[in-house]
Amino acid sequence: MNFSRSLHALSLLATLAARPLVLAADTPAAPVAPVPAPAGESTDTAIAAVYPALTLIRVVMEEGEDGRMKKMQGSGSGAIISQDGYVLTNHHVAGRGTRFVCTLSTREEVDATLVGTDALADLAIIKLDLATRRLKDQPLPVAKFGDSDKLRVGDVVLAMGSPGGLSQSITRGIVANREMIVPRHQIGMTLDGEKVGELVKWIGHDAVIYPGNSGGPLVNLAGEIVGVNEVGIASLGGAIPSNLAQKVAQELIAKGSITRSWIGLEAQPLLRGMEKEKGALVAAVFNDSPAGAAGIKAGDFITEYNGNALPDCRAAEDLPIFNAMVMGTAPGTKVTVKGIRAGQPQTWEVTTVKRDPNLGKESEMRGWSLTVRDLTRVSALEHRRTDTKGVLVDSVKTGGPAAEAKPPLRTEDIITKANDKPIGSIADMRAFTAEFTKGLTAPKPVLVSFERGREKLVTVIKVGPEPDPRKPQVAEKPWLGAVTQVITADLQEPLGVPGKKGMRITSIVPSSPAEKAGLKEGDLLLKLDGRVINASRPEDSEVLPELIRAYPVDASIEFDAIRDGQAVKLSVKLERRPQDDNELPEYKDDRFEFTARDLSKSRRVSAGVADSVKGVSIEKVESNGWAALGGLVTGDVLMRIDDREIDSIATLKTLLTAFRETKPRRITLFVQRGTRTLFLEIEPRW
């Protein structure tokens with residue numbers, strides 16, 4: 001078992017647009033047509049009761065990948081379940097979110113925050129910031145829960161939500177299955193290390209759901225929430241039963257998290273050849289777990305848990321009953337487990353412990369180019385550890401210091417020491433890094449001890465800020481300011497200069513020596529100071545620039561040229577070449593994740609930016625960073641941030657650094673992109 005990487009592609013349900021899980025391995029089946037309403041069955045009551053409470057949730061989420069926490073935008077659905085503004089949705093929509101904006105049925109856009117999340121049940125609660133409402137005097141519409149146990153196969157249900165990030169929508173179908181689970185022997189699924197379906201038996205229905213419906217309510221004709229849409233299997237949708245969803249929602253609202261018990265065993269259905277056996281088959285028992293301490297072993301059969309008889313688990317649909325019994329017990333409770341071993345009855349006394357998440361949450365370690373996790377009880381056991389001390393490597397940036405070490409760090413390594421200082425948690429690693437890098441201007445070596453399987457290894461990693469690159473002094477060079485093409489053999493006759501070699505001017509840089517001397521596009525330059533410009537092949541494009549570079553920066557030169565079929569003499573006084581882009585000041589902001597440079601003359605020309613316009617050139621935008629999510633792209637010219645004119649890299653750096661103290665909710669950029677200007681909005685997490 002490997003909880004941190006088990007089918008991660010399937011567990012990332014909201015990468016670009018939060019979507020229901022799709023278990024089909026091939027192309028999803030075509031949507032099923034809604035079932036026509038039987039006579040006398042109206043959806044009016046249901047629509048009136050729940051539709052106004054629907055929310056479209058737009059979310060910015062983070063995930064550790066390639067040594068950094070990458071940001072992604074997604075959308076999903078939810079329903080308002082209280083006048084206080086609590087919204088119920090899926091964990092895979094909101095659980096990794098850092099920014100939330102909810103669009104209500106009134107088209108209001110309201111900010112929201114994450115209250116709590118439960119990956120095991122795939123449920124989450126966010127809360128609307130009612131102070132950001134536009135229609136503050138209007139009460140919030142609230143949807144109510146119904147009893148999912150009363151649903152019957154064939155009952156009409158409505159799937160409500162915001163498919164594809166569109167406005168609130170409704171589809172209609174019937175209950176097809178009250179106990180839908182992952183098909184036997186198909187690929188398992190995980191959500192942040194938690195096994196999807198371990199606790200939940202979905203309500204299967206054929207009301208059409210699309211990507212973006214995740215978290216939206218499944219509604220009966222009485223206008224009650226009877227499920228929360230989560231998964232798509234073949235042509236059926238799967239919804240988390242409302243009785244479970246309501247219980248989880250209440251605990252998340254009250255405490256912000258879910259408390260469950262753990263005894264350290266995994267059960268599976270009885271095998272087909274076990275005709276006389278009863279209960280559930282114990283498949284695995286973790287070392288140093290309560291079940292292991294009580295003497296339970298793989299191969300035992302459990303028939304009773306704390307006085308509650310287990311049904312014979314002949315199918316995977318039966319297992320969530322046992323899991324719910326265990327997880328629903330208060331931690332620290334001494335329970336009696338009864339079962340059978342080798343045909344003989346057994347009784348075990350087990351004391352439950354609080355259930356940790358299977359995986360700790362990722363965190364980015366800048367300067368190391370790593371994302372890491374704290375070890376939890378289960379992840380430690382997975383790595384054959386007797387304690388949770390250490391930091392689990394989640395991802396490593398290619399080309400970063402950890403990847404370049406010898407030996408390099410890898411995913412699943414466990415860091416235990418840095419320069420002989422014990423590293424028991426992410427907090428320890430952060431504290432060490434802060435102390436070690438204090439005052440550093442360049443990376444320094446750190447001796448890192450780590451575990452890889454049963455091996456205890458050491459390596460050296462250079463940790464700290466990247467040094468400012470020293471730009472080499474560039475020798476002064478003369479500048480003409482004309483862009484040219486070779487007069488090739490194919491062009492000579494059409495241009496009226498058969499047998500002549502030289503260059504044709506294709507463009508003139510504004511305010512350049514060429515423009516000041518009156519050179520024009522289309523001029524044919526044949527000689528420079530009486531010497532033939534020996535260019536006749538495409539690969540001779542550097543002949544003229546090389547000739548120019550041989551002159552002093554303030555030299556006067558003369559071209560023999562052809563203009564409009566007439567021979568002319570063109571005199572030019574060269575000037576010092578303007579700074580190249582790579583010679584100009586540059587600033588990389590690791591919070592907003594983009595790199596900018598002062599505008600060079602050539603960049604102004606290529607971007608069409610007048611000399612009077614102030615701004616900086618965007619050289620690079622990190623994919624999935626805050627700037628990228630706000631819409632900034634490489635090549636933009638950044639002219640203003642909020643109401644502040646950006647006249648230089650120094651101004652940009654000062655302003656962005658100041659934001660780290662003021663921590664604004666959002667900032668507005670004014671940029672030029674091509675021939676247009678536009679406003680962009682960035683909403684970072686501080």
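Here is a short walk through the nonpolar cores and salt bridges of this predicted model.

Let's start inside. In soluble globular proteins, nonpolar side chains tend to be buried together. Here the largest nonpolar core has 47 residues, and the members that touch the most others are I81, L88, L123, I126, L128 and W202. Strand β7, residues 123-128, supplies the largest share of this core, with five residues. Apart from that core lies another, made of 25 residues, including V60, F592, I649 and L669.

Now zoom in on L128. Setting aside neighbours within four places in sequence, L128 is in contact with I80, D84, G85, V87, C102, L104, V110, D111, A112 and L140.

Side chains of opposite charge can pair when their charged atoms come close. D111 forms a salt bridge with R665, with the closest N and O atoms 3.9 Å apart. D111 sits in strand β6 and R665 in the loop between α15 and β45, 554 residues apart. D111 counts as buried because its relative accessibility is 14%, under the 20% cut-off, while R665, at 29%, is partly exposed.

Helix α15 itself also joins in. R660 forms a salt bridge with D589 at 3.2 Å. R660 lies in helix α15 and D589 in strand β40, so the pair ties together parts 71 residues apart in sequence. D589 is buried at 0% relative accessibility, whereas R660 is partly exposed at 27%.

In total, the count comes to 43 salt bridges. Some are joined up: R96, D192, E362, R373 and D394 are linked in a network.

Methods:
Residues numbered from 1 in each chain as written. Predicted model: local features only at pLDDT ≥ 70, side-chain atom pairs only at ≥ 80, totals over all residues. Heavy atoms only, no water. Core = buried A, V, L, I, M, F, W, Y, C linked by side-chain atoms within 4.5 Å. Buried < 20%, exposed > 50% of the residue type's maximum accessible area, 1.4 Å probe, protein only. Helix = DSSP H or I, 4+ residues; strand = E, 2+ residues; numbered from the N terminus. Contact = heavy atoms within 4.5 Å. Salt bridge = Lys/Arg side-chain N within 4 Å of Asp/Glu carboxyl O.
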